[in-house]
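Reader: I would like to learn how to read a structure like this one, feature by feature. Could you walk me through it?

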Amino acid sequence: MARVHNFCAGPAALPLPVLEKAQAELLDFNGNGMSLMEMSHRSKAFDEVINTAEANIRKLMGISDDYAVLFLQGGASHQFAMLPMNLMAGKAADYINTGAWAKKAISEAKLAGKVNVVWDGADDKYNRMPKADEYTLNSDAAYVHICSNETIGGIRFTDFPKTEAPLIADMSSEIMSRELDVNQFGMIYAGAQKNIGPSGLALVVIRKDLAERCPETAPKIMRYSTHIAENSLYNTPNTWGIYIVKLVTDWLLGLGGVSAMEKINEEKAKVLYDAIDGSDFWKPVAAKEYRSTMNVCWTTPNEELDAKFVKEATAANLSGLKGHRSVGGLRASIYNACPREAIDALVNFMKEFEAKNG
Ligand SMILES: Cc1ncc(COP(=O)(O)O)c(C=O)c1O
């Protein structure tokens, strides 16, 4: 069986050792005579899985007891709606509009209450993040929302906004890819399917006091406080997803944690950006200062060559390089599990492509 180099934006590549371990344990999990997928979420065996996943995440991200770690269903989009329902509490919230995913969060929040968009990157086609002096935050905001890494635009915050109100970040496409201080955030959330597991699962890290803001009128299943009280077992969770998160975080700890991963990610991104910058044939999309180390976006000289590149790359076992349908061009998503060999193979292919078509 030949596995391709997978540059998909999400669901995305998982570490091979994780897939192999899941395969080995698929039919009989830890001598229980059944698959983990067939097992009660209230069993001792699953309890160990979810508790270890949480402990791993706390260790990797340096999360204190002031915060709850939750595994929720519905992905990151569900959090776009759940967050304002829980945290607005009658006040307006500040949102920074940095691109496609921030925009989606804004449109959901508007259904729940008043939203102030304090900065919008439209004039620069969302190719950069704002500097701190380009926006004014409202001192009485319920919270300030950012998308820390825009998966489609390929940009990321270098310095996070300094806020009085709790800072909330959608980190779906960069969670555990770089070191950061969790204490500067009120809440962090991420769909699992890019850096930590399969789709249909969101990781939520929330300061416990903020969860108390939710009005009594909110449905129980939509309240963070419900899931905190029940250790993410209020109803039947995505047990398989949580199990894979446990395996991925075991793997990440084995590599040396987030700081070791960050170094590898910086090197991988540099090799690819250097190849793009090294020739006029390629055009980078994002402003240099804000380039993502996870989602690298660029183009060839024209759309026909973009399409040709994707087609020929796919034939050469380089999968998932088409830019998002809303923006076109090329995109390589090089998350934690994307190995250096995949980047080297891509860069070699780019050289050959340019030699033939440049
Ligand atoms: C930054 C960001 N936020 C949110 C989402 C939505 O995630 P989900 O499909 O899990 O709802 C995505 C998905 O690609 C994303 O990249």
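Author: Gladly, and let us begin with the ligand. This is a predicted model. The shell around the ligand holds three nonpolar residues, eight polar ones and one charged.

Reader: Which residues are around the ligand?

Author: They are Gly10, Gly75, Ala76, Ser77, Trp101, Cys147, Thr151, Asp170, Ser172, Ser173, Gly191 and Ser199. Helix α3, residues 75-87, gives the largest share of that shell, with three residues.

Reader: Next, the sheet. How should I think about strands, and what is the strand order here?

Author: The general idea is that strands of a sheet pair through backbone hydrogen bonds, in either a parallel or an antiparallel sense. In this structure, seven strands form an open sheet in the order β2-β10-β9-β8-β5-β3-β4, and the pairing is mixed. At the edges are β2 (67-73) and β4 (115-120), each of which pairs on one side only. From one strand to the next, the twist averages 20°.

Reader: What packs on the sheet?

Author: Helix α4, residues 100-112, does, touching β3 (93-97), β4, β5 (144-147) and β8 (167-170). The direction of α4 makes about 155° with that of β3.

Reader: In what sense do β9 and β10 pair, parallel or antiparallel?

Author: Strand β9 (residues 187-191) and strand β10 (residues 201-207) are paired in the antiparallel sense, over five bridges.

Reader: Let us move to the domains. Where are they in the chain?

Author: The domain assignment gives domain 1 as 16-255 and domain 2 as 257-357. Their C-alpha centres are 27 Å apart. Between them, 25 residues of domain 1 are in contact with 25 residues of domain 2. On the side of domain 1 that touches domain 2, α2 (44-61), β7 (155-156) and α6 (239-255) supply at least two residues each. The largest share of that side, three residues, is from α6. By class, that side of domain 1 has 10 nonpolar, nine polar and six charged residues.

Reader: How do α6 and α7 cross?

Author: Their axes come within 7 Å and cross at roughly 80°, so α6 and α7 are roughly perpendicular to each other. In this contact, Leu252, Leu253 and Leu255 of α6 meet Gly257, Ala260 and Met261 of α7. Five of the residues in the contact are nonpolar and one is polar, with no charged residues.

Reader: And what angle do α7 and α9 make?

Author: Helix α7 (residues 257-277) and helix α9 (residues 340-357) pack at about 5°, with axes 10 Å apart. The two helices, α7 and α9, are therefore roughly parallel to each other. From α7, the contact uses Lys268, Val271, Leu272 and Ala275, while α9 brings Arg340, Ile343, Leu346, Val347 and Met350. This contact of α7 with α9 has seven nonpolar residues, two charged and no polar ones.

Reader: What is the phi of Asn30, and where does Asn30 lie?

Author: Asn30 is not a glycine, yet has a positive phi of about 50°. Look for Asn30 in the loop between α1 and α2.

Notes:
Residues are numbered from 1 along each chain as its sequence is written. This is a predicted model: local features need pLDDT of at least 70, side-chain atom pairs count only at pLDDT 80 or more; totals for chains, interfaces and linings use all residues. A residue is near a molecule or strand if its C-beta atom, placed from the backbone, lies within 6 Å of it. Helices (H or I, at least four residues) and strands (E, at least two) are DSSP runs, numbered from the N terminus. Ala, Val, Leu, Ile, Met, Phe, Trp, Tyr, Cys and Pro count as nonpolar, Asp, Glu, Lys and Arg as charged, and the others, Gly among them, as polar. Domain bounds come from an automatic or database domain assignment. Two residues are in contact if their C-beta atoms, placed from the backbone, lie within 7 Å. Axes are lines fitted to C-alpha atoms, for helices over the stretch in contact, and angles run from 0 to 180 degrees between N-to-C directions. Angles under 35 degrees count as roughly parallel, over 145 as roughly antiparallel, 65 to 115 as roughly perpendicular and the rest as oblique. Two strands pair if DSSP finds at least two bridges between them.
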